[in-house]
Amino acid sequence: MDTLGSPLEASHIGETHAADVADYERGSESRLAVLLTDEGSNWLGLAHGLKTIGVPFVITRETDRALRHDVVLVYPVISGRNTDQETLRTLARFPQNGGTLIATNVLGGGLAPVFGFEGVTESRSHTHLTFDDDYAITADFQALGQKTIKIGSETQLATNPGTNAYLSPRQRPVAVYEDGSAAIVRRDYEEGTAYALGIDLGQLLLKGYNFKEADVAETYANRYQPTLDTLLRLVAAIYREGEPDGVTLGTVPDGKKLSVMMTHDIDYRKSVRNAVKYAEMEALNGVRSTYFVQTKYIEDFNDQSFLDEEGVGYILKLEELGAEIASHSVSHSLQFNAFALGTGREVLPSYRPFVRDLEATTEASIMGELRISKFILESLISEPVTSFRPGYLRIPTQLPEALQWAGYSYSSSVTANKSLTHFPFRLTAGRQFDTNTDIFEFPITIEDELPPLLGERLEEAKTIADKLAAYGATMVVLSHPDILGHKFEFAEGFIDHVKPYSWIGTVSDFGDWWAARDAIGVDLDDAGGVRSVRLNCPTPIKGLTLEVPESFGVPGPLSGGKLIRAESGTWLVDCIDKVMRIELAKTTGMPGN
């Protein structure tokens, strides 16, 4: 490694700044309005979740502004202590006048009759939600395995989020806790609807997104557990039900049903050679995958150095076959989660982390692992290294902001089960509740180290893929190419199964698409007497699905992009300019494909 030199500029380790509600205030009245009653709450988790599920929204502290929208979500609590009487009266009239009012934690203020219940009790002992699938907004929950989800621990009650049960509901609850008490209630009016949620959705989202769940995950990996997905789909369904002009963003590129990333961790000398066999098979299938490569240049407790001339040759072959080369750290240490942050000035040849044994690694830092591995790989290949995965999935608290400071964009460092979601999400600094980073996480659904053998789990993995495809989720597969055999057969069989209905690609390719999607604003315009859907696209994006009301009919003239396909309820578009407009025609027949 001495021959590489070290022309690294220092990484700027800057301060982080709390997210500002003002950054989320802009948007048309066709969006969901979040009326914020406490800026010290977990509202940023809610914002990230709504971005993930594709619901356009604004966040405001102004009641009058919020109530100009058709659908309003009051967050995080309604009570007589945080809401004045005039606001309470105004909120009470909203569903009676045809609006859809969603509120989390309705604890007072005389609004119980508005939501159709008589009282409320608080508890930390609730662990599950079961949905009534007779409602249109939950009709597919049973078929998707989302009828009952786990939200808390039976044994670690102190770690559970506080929940509220609504007493004597006037209508059948939308969801009940495991003891039968009402968790989500609904009251229908002649035109409008009121919903009260007994859970803090933003708090639960951040528990999953920040890897802070405690005994909520039913297993570490390799299972289907759509806790957060179910709750986000519920909010999206309520929004579409209440907003006649509601347009939401699809979650999978190119109109496909499932986003798949085949990923491989190279952290063993024999894996480098075997990896080429996997990449050749994937190339024959027209599939690009991601190889997280440990830049091992020191012989230590873990293994011999394998970043020698032979190893570099294999890495170059992987790139030639179309694979993404990503970082898997330098030392691949079990102690990575406990490393000091470092200075951001780590360089070669002086950075020499040494794994002494399973319990000790010396001369290592988080920034050193990120900076040096990225520099080495980028010295060998032609593309920038933008994706990272730590050894053993060990996650330091400051990893999100460290990735940003070191020049990465994407992480695949946690499992979907521990994150409580099979969707990507934006990471917060320090894995806390109030500060954004630019890093997106792509959680791992299937890994290859837990028993039984990966090759024996192919049918189970296919079943999980089919479930995730039913609602447009994401599936990351992690495999170590230390052997061929059953792991190779799994990869072949899995790709063969999902290829007909899936987008399959690299972490960076999907990450670029997802980041562009995350930045999009969706609004309904009535400029000049012409109604149109306006997409604000800071970054061009191709293969974006818009889920639109069937009443929109055939799309009319458009500018700033391209219409790929129009079907009843969905349009597939390329947003080329920063602003794309799609006029709403007055006719209603849909063209054939």
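Predicted model: local features only at pLDDT ≥ 70, side-chain atom pairs only at ≥ 80, totals over all residues.
Local features were taken at pLDDT of at least 70 and side-chain atom pairs only at pLDDT 80 or more, while totals for chains, interfaces and linings use all residues. Residues are numbered from 1 along each chain as its sequence is written, and side-chain values use heavy atoms, with hydrogens and water left out.

Helix H5 spans residues 201–209 (helices are DSSP runs of H or I, at least four residues; strands are runs of E, at least two; both are numbered from the N terminus). Eight of its nine residues are buried, meaning under 20% relative accessible area with a 1.4 Å probe, protein chains only. Among them are Leu204, Leu205, Lys207 and Tyr209. The cover over the buried residues includes helices H1 (43–53), H6 (227–242) and H11 (416–419), plus strands S3 (71–75) and S20 (425–428). At the start of H5, a side-chain oxygen of aspartate 200 comes to within 3.2 Å of the backbone nitrogen of glycine 202. Just past H5, phenylalanine 211 has a positive phi of about 60 degrees.

Over to the loop between helix H8 (309–320) and strand S15 (324–327), where glycine 322 sits. Glycine 322 counts as buried because its relative accessibility is 18%. From glycine 322 to valine 74 it is 248 residues in sequence and 48 Å in space, C-alpha to C-alpha.

Then there is the open sheet, four strands ordered S25-S26-S31-S28 with antiparallel pairing (two strands pair if DSSP finds at least two bridges between them). S25 (521–525) and S28 (555–559) are the edge strands, each pairing on one side only. Five bridges join S25 to S26 (residues 532–536), and aspartate 525 has serine 532 as its bridge partner in S26.

Note on methods: Buried < 20%, exposed > 50% of the residue type's maximum accessible area, 1.4 Å probe, protein only. Contact = heavy atoms within 4.5 Å. Polar contact = N/O pair within 3.5 Å; in protein donor to acceptor, adjacent residues only side chain to side chain.
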